[in-house]
Amino acid sequence: MQIAMIGGGYVGLVSGACFAEFGTNVAIVETDPDRLAALREGRIPIYEPGLDKLVADNVAAGRLTFGDNIEQAVQGAEAIFIAVGTPTRRGDGHADLRYVYAATEQIAKCMKDYAVVVTKSTVPVGTGRQVSDLIRRVRPDLDFDVASNPEFLREGNAIGDFMRPDRVIIGTDTTKEGGAHRAMEIMRRLYRPLYLIEAPILFTSLETAELAKYAANSFLAMKVTFINEIADLCEKVGADVHDIARGIGLDNRIGRKFLHPGPGFGGSCFPKDTLALVHIAQDAGSPMRLIETTVDINDTRKTRMAHRIVAACGGSVAGLTIGVLGLTFKPETDDMRAASSIPILHHLAGAGATLRAFDPAGMEAAQPLLPEEVVYCHDALDAATGVDALVVLTEWNEFRALSPARLRELMKGDVIVDLRNVWEPKAMRDHGFQYESIGRPLIEGPVRK
């Protein structure tokens, strides 16, 4: 089987490499010359554990190729996936579909034989039908189907999510005269390896599949926001948010995932998709007040965390040096999109702090987004050396292994603000730190002399 993947970014590259691992011949089209050159040279332009080997193995096997010629890629392809970016449109919060429509028009001009045109990008409800209408306008003679196949990949675990998914959702045009049986059969064959492991594959209408992606991400974002608000309440009443998360997470109706408190969600999906769903619902005359509130709470939380750091430092950070551990929105990725570190570090720099930062994967991506004055360090201990206060913004596992005794030797001050709860409060207190975390009972630090 042969497919084309239009877009060699995160979704396109991971999906293409995984389809190739299934035994499918995959041609990935990437028009950015720098990204294309990197891919052809075997350099993976994104950070995703295991992806470099997966790509190298399938390139060597001849199942995975990279190019910038859509016409060449689509010839003989039974399915053509659109996996281009759908960023938030400036000014109104809607998803920007210009790249989807541009790719659609190019595909229509190049197709010669029947194929299924599949939106893999996250797109608003109705996009599949607009893609179909555009193809028909460009090529009234063309025999094709459209489908929606949203991705549910977590950065840092994307390959596992693709190979062992909770479910696969495939939307087809259920209103088409004669049905979309041909498209469904192609998609079944493409995902056949997942049938063998009994992964649920759900066929729906186009609109249902498109909305399902927004609904899933928005629900998870709401879950993160909920546990963050519970953490705030825990601090007021002396409860422990981790025990609460375990207690409610063991309820199968709730589940244990996405119940870890922090400084607010970020990344490529949650901020963009919650905002897009808000506007989809408003445009449809069915506003989603829960998601509107989720967006608002998350935006304000990041600023509140910056104020919390200032308060922990005695009410002012002017003239202080602050070490920062972690910059990306989550561990196991280099993604800085909507990361909490961006507003927090800008606030601290604006308040007069000197900043020393370390992130295992994200420092290159962070530099254009953070204050120019940030000093980027060689490792976590370097970032902690000589600082008045230390802040944890991303829960990379290597930070958990840092010795409190060694940190105390290196730091000038004794303030630690752990916004990811990577350390135990008692251990930090015993080593002389004024330690703050999220949603855990306040443990008084050592008496200041």
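A residue is called buried under 20% relative accessible area, exposed over 50% and partly exposed in between, with a 1.4 Å probe and protein chains only. This is a predicted model, in which local features need pLDDT of at least 70 and side-chain atom pairs count only at pLDDT 80 or more, while totals for chains, interfaces and linings use all residues. Residues are numbered from 1 along each chain as its sequence is written, and side-chain values use heavy atoms, with hydrogens and water left out.

Select Cys377 to begin: this residue is buried, at a relative accessible area of 3%. A disulfide is a pair of cysteine sulfur atoms within 2.5 Å, and by that rule the count is zero. Cys377 is in no disulfide, the nearest cysteine sulfur being that of Cys313, 17 Å away. Select Cys234 next; Cys234 is also buried, with a relative accessible area of 2%.

Move to helix 13, residues 289–312. Helices (H or I, at least four residues) and strands (E, at least two) are DSSP runs, numbered from the N terminus. The 24 residues of helix 13 reach 34 Å from first C-alpha to last, close to the 34 Å expected at 1.5 Å a residue, where the expected span is 1.5 Å times one less than the number of residues. Just after helix 13, Gly314 has a positive phi of about 95°.

Now display strand 12, residues 389–392: Ala389 and Val391 point one way, Leu390 and Val392 the other, and all are buried. Two strands pair if DSSP finds at least two bridges between them. Strand 12 runs parallel to strand 9 (residues 321–325), joined by four bridges, and Val324 stands opposite Val391. Four bridges also join strand 12 to strand 13 (residues 415–418), again parallel; there, Val391 stands opposite Val417.
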